[in-house]
Structures are given as C-alpha cells and as structure tokens.
Amino acid sequence: MVMTLRKEIIALLENEQLTAREISQAVHITVKEVYGHLEHISRTRRGAFGMQPAQCLACGFVFAKRTKVTSPSRCPICKSEHIQDPYFFCKG
Ligand SMILES: [Zn+2]
C-alpha cells in the first residue's frame, strides 16, 4: 500500500520533531508545499499536532504566541533575522 504524502509527513512527525525544511528534504517537496500540508494537518489533527515555537538565535526571544506554521522572518525584539525555524511533531 502506498502512503499518501500527508500520511508520510504525519508518520515522520510521530517519529521525530522536524522543521519544515527537514520535512521538505525527507519527502522531496518544496518548503512551501510542506507548509500547505502542515496547515492541513494542524486543522485535521488538532489534538495530536504540535509545534515547538520558533526562537530568535540572537536574543533568545521565543515566538510562543505564533500559531502560523511558517517561519517568522525577523525578531520583533532585536530585529535579527537569525531565527531558529519551528519544529513540528505529531503524537501517535
Ligand atoms: Zn531577537
């Protein structure tokens, strides 16, 4: 049986926390396509899907209130663009 791409992404995220970029490399689609899948997964598997928020690597600010799956482009505190991408996970 062939797993759909979305199920494949969910299976990956049940196994380990990954950034959108890591997911895109694992399933060979663009980061933009990954965001589309993650948005869908977050809507359909709300209880199981989770996100380790993005963090500013310059000042340590955590984007805790951000619910979007995309990476923030810069820190609102220190304006640095050196941002750790959010990690995503699914509880099995
Ligand atoms: Zn910062």
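**View 1. The largest nonpolar core of the predicted model.** The largest nonpolar core is built from nine residues, namely I9, I10, L13, A20, I23, V34, L38, I41 and F88, where a nonpolar core is a set of buried Ala, Val, Leu, Ile, Met, Phe, Trp, Tyr and Cys residues joined through C-beta atoms within 7 Å. Two or more residues of this core come from each of α1 (5-15), α2 and α3; helices are DSSP runs of H or I with at least four residues, strands are runs of E with at least two, and both are numbered from the N terminus. A residue is called buried if 20 or more other C-beta atoms lie within 10 Å of its own, exposed if 12 or fewer do, and partly exposed in between, with C-beta atoms placed from the backbone. Leaving aside neighbours within four places in sequence, L38 is in contact with A20, V69 and F88, contact being defined by C-beta atoms, placed from the backbone, that lie within 7 Å. The structure is a predicted model, in which local features need pLDDT of at least 70 and side-chain atom pairs count only at pLDDT 80 or more, whereas totals for chains, interfaces and linings use all residues. Residues are numbered from 1 along each chain as its sequence is written.

View 2. The buried residues of α1 are I9, I10 and L13. They lie on the same side of α1 because they cover an arc of only 100° around the axis, the arc being that of the directions from the helix axis to the C-beta atoms. What covers these buried residues includes α2, α3 and β4, while K7, A11, E14 and N15 are exposed on the other side of α1.

**View 3. The packing of α1 against α3.** The axes of α1 and α3 are 10 Å apart, and the two helices pack at an angle of about 75°; axes are lines fitted to C-alpha atoms, for helices over the stretch in contact, and angles run from 0 to 180 degrees between N-to-C directions. The two helices α1 and α3 are therefore roughly perpendicular to each other, a term used for angles of 65 to 115 degrees. From α1, the residues L5, R6, I9 and I10 meet H37, H40 and I41 of α3. The residues of this contact divide into four nonpolar, two polar and one charged, with Ala, Val, Leu, Ile, Met, Phe, Trp, Tyr, Cys and Pro counted as nonpolar, Asp, Glu, Lys and Arg as charged, and the others, Gly among them, as polar.

View 4. Helix α2 (residues 20-27) and helix α3 (residues 31-44) have axes that come within 9 Å and cross at roughly 105°, which makes α2 roughly perpendicular to α3. The contact is formed by A20, R21, I23 and S24 of α2 together with V31, V34, Y35 and L38 of α3, and its residues divide into six nonpolar, one polar and one charged. In the loop between α2 and α3 lies H28, a residue other than glycine whose phi has a positive value, near 60°. H28 is exposed, with 8 other C-beta atoms within 10 Å.

View 5. Y87 lies in strand β4 (residues 87-90) and counts as partly exposed, with 18 C-beta neighbours inside 10 Å. Leaving aside neighbours within four places in sequence, Y87 is in contact with Q17, L18, T19 and Q52.

Terms used
Parallel < 35°, antiparallel > 145°, perpendicular 65-115°, else oblique. Contact = placed C-beta atoms within 7 Å.
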